[in-house]
Each structure stands twice: as C-alpha cells, then as structure tokens.
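This report looks at the disulfides of one protein model. The sequence and structure come next.

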Amino acid sequence: MDMCWIPVFLIIGLVDWVRCQENQHMTAEEKNTIRDRVVEMFDHAYGSYMKYAYPADELMPLSCRGRVRGKEPNRGDIDDSLGKFSLTLIDTLDTLVVLNKLDEFEDGVKKILHDVRLDNDVVVSVFETNIRVLGGLLGAHVMADLLRQRGGRMQWYEDELLNMATELGHRLLPAFNTSSGLPYPKVNLRYGVQNPLSRTGTESDTCTACAGTMILEFAALSRLSGESVFEEYARRTLDVLWERRQKGSDLVGTVINIHNGEWIRRDSGVGAGIDSYYEYLMKAYILLGDNVFLERFNIHYSAIMKYISHPPLLLNVHMHNPTVSSRSWMDSLLAFFPGLQVLRGDLKPAIETHEMLYQVTKQHKFLPEAFTTEFRVHWGQHLLRPEFAESTYYLHKATGDPYYLRVGQSIVEKLDAYARVPCGFAAVQDVRTGTHEDRMDSFFLAEMFKYLYLLFTEKTQLPIDIDDYIFTTEAHLLPVSLSTTQPTCQGNKTETRAVAHDENLFTHTCPSMDTLFPNNPSFAKSIRDSYKYLTGVGRAVHPSPIREIELPLHESGIEPVEFLKSMGISLPPVYDFSTGETREHKYRVKLVAEVRQTLDEEEVVPHVVQLISPPFLGRTVLTAGPAKFGMDLTKREHGVKGSIVKAYPYMACGPLENAAELKGHIALALRGDCMFATKARWLQEAGAIGVIFIDHREGSNSEETPLFQMVGDGHSPDDIALPLVFVFSREGSVLTDALEKHHNVDVLLLPKERQLGHGKTEQPVINIKLRLSDDEDFMEEEESSGPALKVFHDGSEDLK
C-alpha cells in the first residue's frame, strides 16, 4: 500500500495537450494582467480594512468602519466569529506571503504581537475560532519561520505566533470537556465553558462540521508545540463521529447532541453543517500520513457517490433512508466538493458539478447562498464565499486546462464590477437585485484572493513552493512535512477495516494521469459540453426531450421507475423521427412529498396575533401560522394574552441575555440559524409565556406567501408547552414598530376564527328616543326608522 501524502493536485503540467482546447488559450501576458488585477483588488480590500477597521475584527465596507462586537446590532450566531482579536488581520497573514507582500506581512505580525489579546471575556464559536484564528496564527508562524530560516527577513522572530497559537489552543480545550468527547459549539475565551461567568455551556447540540473540523489545526499545533493534548482531543472527536455514522448507509447527519451522541438533524449531504468534516478526513491523511483517516474518508466517499451525488447535482438525503431526498435545494458551501474530488482523484464528477456551479454563476452573477435543483434562487444572499474559486483552482491545477483560467477571470470581473465599493468589497444581499450588505468576512481575504492569485501565477513566481503545503478549510498553509519531521500522536483506536466497502484504483494511491485522461484530448470538454446550457443561459428555447412526471414520495424506498411499474404504468419505447430509430424515451421522475394523508390534515388552521392594548384595541389583526408542537391554541377558548418583548439575541438560538425581561411575556424572535423547536426551548427556559416567530426574509407577507405549519426538530416536542405562532416579515414589522413606538403592547394569540369581534351575529340596534313633549301625536310617528324604544313625558312632573 503506497502512502500518498503528497497532494494529488501535483499532477499539474502532465496534461499539456489541453492547453489549446476550446479556444480558451490564455497568453502569459493575459495571465499577468489578471494577476495584477487580483493584487490591486486585494490591496483595495486589505487596505480598506487596515485604514478604516483595524484593530476591529471585520470591516463594514458600506459604513467605512470596523465592526466591534457589542457596539453594533447583534447578528446572533454570525457574531460568534468575532472575539476582539483583530480577526481579519490574523486570517490574512499567510495570504500576504503568498502574494509576495513580505513587508506587509512582517508589519502585520508585529501589529498582532503588540495589539492582540486572547483572554477577552467574550463567547466565540469553537469552530470559527479554530479555522480562522488558530489556523491563521499557525499559517503565519510557518511562513515567519520559513522567512527567518532563509535569512534577511524576520530575524527578530522568536516563535511568538506559535506561542499565541498554543495559548489559544488551551483556551479552546475546555469546550472538549463533555462526556462524549464532542466539543461544545461555543467557549468563553477567558472563563471557558463551565465557569459561572462563562455565559455559555448550556448548549446541547453542534454541527458535524463544527465538531469534525479540528484535526488539521490541532494536530499541527501539537506537532509544532510538542504538546500532544490537542491532537488527542481532535482525534477523539473524529472517533465519535465515525462511530455515530449510520452503519447502513455510512452517512452522517448534520447536527448531533454533544452529550449523548444522538443525531438531532438526520439529513445528510456535503454542504453546510457537514462539508469540512469530509474535507478534514482526506486532508488529515495527507498532512499526517495516518491511514485510518483515508480509510474512513473512502468509506464515506463511496456512500456519497452512491446516495448524494447525482451528477451534476449534490443532494441532501435522509441518512437512515438515503434513497429519499430531504430537500429540493443545494447550498453554496458544497462548491468546495469538486476540489476535494480532485484530491480524491475522481475527476469526472468534479468537472460535472463544477460546470453546473459555473452555469449557475452565469445566470445569477454569483453563486446564491442556496439554489433549487431547477437552478432558481432559494436564498439570494452571496457572502463573497470562496469555495467555487477554490474548486476552480484545484481543477486547473489537476488538468492544466485553460478553460478554468477563463472561469477564474469571470470570478475576478464579477467581483470587481458588482461587489466593489469605495471602502472595500461588500457582500451581496440578493443576487437578483444586486443590493449590498454591510459585510466583508475575513475569509474573503484569507481564501478568495489566495486561490485567485495562485490560479494566475506560475510556481516559479511564488515566494514559496506551494506544493509543500496542504490548505486548511480556511486556506491556511500547513507543511505536509509534519507527518515525517514531527513526532506522531497515539493513533486512533477505531478499527476501520471491519467495515466492508467497495475499493477502486484510487482507494490508497494517487490517481494516474493515464486513468484520469484516457487517450482522448477532449476528455474534460466532452464532460462539460453535456452541461453547457444546463440552466438555459445562452441557449435558444426548444421543447425539452425529457418528459416530467410528478409522483408522491412514499417511504417504500422503491426506485422511481419500479414505483411506476408497481402502479401499472409502463414506459414504452418511442419512434425518433429525427434519426428514424426506435429508442427508449427519457423521463425525469420528480418525487413530490406528501405532507399529509388526508385533505383535512393538509389544511393549515390560520391563527392571528391581535393587538389589544391602546391605541389598537383589537382593530389590528395579523395573520399567523400555527405550530405542530407546543400549546394547541385551538383548545384555548380565549387564546393567550401577554405583552410582547423582543428576545436578545434576536435569533434566540442560545441562552437569552434578557431573560428577566422575557419572563411572563410573549417573546418576539427572528427565524433562522436554528430550528423553531430549539428557539422555543430557550425562550421557554427564559420564562416566556408564548412566542411569535418573525420571518427573516425581508418583504415576505401573508398575502403573497401561503401559511405553513411549523414542525419540530426530530426530537419529542412534549417538553415544549408554549403557544407558538409564525408571522411573515411585513406583519412582523407591525409588531416591532408598535413596540418601538408604544413600548407596552399587549397581544392575543388565538385561532383566526376566535379573534375578538369576529364571527358574532349582529344584534338588532335599538334606537332610544327621548322626547319631552305633550304632543298626543307622538306615538303616530313614522316607523321607518326601525325598532325603537319611545319614552313619552306628559309634563306632569319635572325631570330630575
């Protein structure tokens, strides 16, 4: 068995025959021009951060100022990346070296050593702090040590960055103090997890990627510092995730309980929540040379290709029933996967999925945060994520095909045209409108510019030999020599070989060019051509030769064609008039989930939020959707009444900082970042008597969007006793505006049919007429005015 710890992408240059394919040839002058443009764009972004934001963690490019945690509106879990440790500079340091900006690198290191403290009383994400800050410090140390050894530069450097990394590693270790070995998702940098002052440690769940993306940084830290504890903890975490995989499918879920190892979300894919777990199994083998990681990755990979990969699509499935798709959309984070497939040596599906992603970017300018299997926008946000550029770089590295240089050129041009603002580059709030968001995440500098620069730069033009390093998920550079030059830790205890799986040519060896590219100079082009007009962009409209059939989704696990046959439907061959041949017709069978079994159950009972305090007095009624769990408001004759209070943090995905204010009141919480049931449990624990969830999609409203019924998170919801309703964004703004203006706002939560003033039969109006007169004709007035009670006074007594 050959141990292939050298990155597979070293096969660059072995396929020169593709360099003139498809008229995509790019001259050296063109490459240099684009590379210079990348450098100028980097200077604009980095310079804006240093000028307007440093020492803050991030740049707010629209406001031209730094984002300091606690001084800007809370963004929930998004802000857990910020630890008051100059995040963007630390994340960018080794990118400065790759771009040959050695003066800026040396100056940046000095700033970090002088300005940054790691003992801040702040709760941060263990995952984000590991990949961005610990990885950034390690990558910068490796670069500083290399420059010091060469002589001339960094002669003053005495491993200060490594010492900082070791300190940070120790500050993250308390998160691993769980019975299962899976880390808490958050930690207080000063007080750890279980300290009364930590303000964290009550979390019970974490994502698979959050727990499984520690081994590269922690193992590198152990081997550079000589303290084995970090690698041991990271290995133990991977052991737990491996043991908890679904043994029948060899897939893992998305969210897991850190105390008992039970799966909370059982959907499985290669995107958000799981992505870098798979990446780190493969790269841990490359970095550390431990076969157990490769064997686990290969078993997972076989399962992925069997159940999740439907070229060019990568779908999410139920881990326990992997023939059933769990959603009809894909998220942008899966764009890293073609690059990982290149490392695996599986080039054909990598080309297919990458081409699909490229077609989506052609349609929407950028890759939307999520898009449907029909390539429509699901979530329109684009956060300047680098994963598509990453896979483009790997594919060009593996093939030498200039086509991927043109893809990279399009990325550069679109960023410069549509994301550039006077103070940096701004995330795109919605790719359909092009509106910007006041946000420039640190990964934009750490990853995007690194991959784009490397794409257009020859190896001889780089200040380092890039093939001596493996990229972390944040694109930090760790030397592959760690597997041979540093002592190893105790190996994993889990036996892998007992698990049967299919092996192929690339299971234990680097891929061969002869196999990747059979004697066929148009190999990559022929694969791409099948998906050239996948999204319809650039193609004349013609009737599709594929007929679509929609079928209900059943839990039988029967394949679609077999399911058709079981219903008595046959698919006969048809005569093709264009070729004169009889052939099998193509059908696309679309499975449509049955939400309910009967029509009555399909109906969502509309609820309302009725504002009853002055000045509303019941006249303002907002349509709301119910929940399948929590208190059943249809069984409460008069609904639930209370004053509304906005939860803080607004997402309510963790402990509430304003629990005292929420106690005895109805909470307002924003949808997103975690499950409705998770929010409900936190708010119930804080003492809220009800919850109104508000949609986070700006502009959504009940007139244009059908109501839906909120569902639980897969666990028994019996512990949730709160009444829960959901309102869309426009209705939610009525509540938040009312709260801001009047401060004390009382509402009723109840089914629509029981709202105050609704559904009561009108009583006849009785007109009371009082006439002070002795007119004998009074009783003879016209009766056209309707029923009346008439009082006559004869004048015999005075009226008091």
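Does Cys207 count as buried or exposed, and at what relative accessibility? Cys207 counts as buried, because its relative accessibility is 17% and the cut-off for buried is under 20%. Its partner in a disulfide is Cys210, which is partly exposed, with a relative accessible area of 22%. The model is a predicted one.

In total, the structure holds three disulfides. The pairs are listed below.

| Disulfide | S to S | Torsion about the S-S bond | Hand |
|---|---|---|---|
| Cys64 to Cys423 | 2.0 Å | about 90° | right-handed |
| Cys207 to Cys210 | 2.0 Å | about 90° | right-handed |
| Cys653 to Cys674 | 2.0 Å | about -95° | left-handed |

A disulfide joins Cys64 to Cys423. Cys64 sits in the loop between strand 1 (58-60) and strand 2 (65-67), and Cys423 in the loop between strand 16 (420-421) and strand 17 (424-425), so the pair ties together parts that are 359 residues apart in sequence. Cys64 is partly exposed at 29% relative accessibility, whereas Cys423 is buried, with a relative accessible area of 4%.

Cys653 and Cys674 form another disulfide. This pair links distant parts of the chain, 21 residues apart: Cys653 is in the loop between strand 28 (640-646) and helix 21 (659-662), and Cys674 is in the loop between strand 29 (666-670) and helix 22 (676-686). Cys653 is buried, with a relative accessible area of 14%, while Cys674 is partly exposed at 23%.

Key: Residues numbered from 1 in each chain as written. Predicted model: local features only at pLDDT ≥ 70, side-chain atom pairs only at ≥ 80, totals over all residues. Heavy atoms only, no water. Disulfide = S-S within 2.5 Å. Helix = DSSP H or I, 4+ residues; strand = E, 2+ residues; numbered from the N terminus. Buried < 20%, exposed > 50% of the residue type's maximum accessible area, 1.4 Å probe, protein only.
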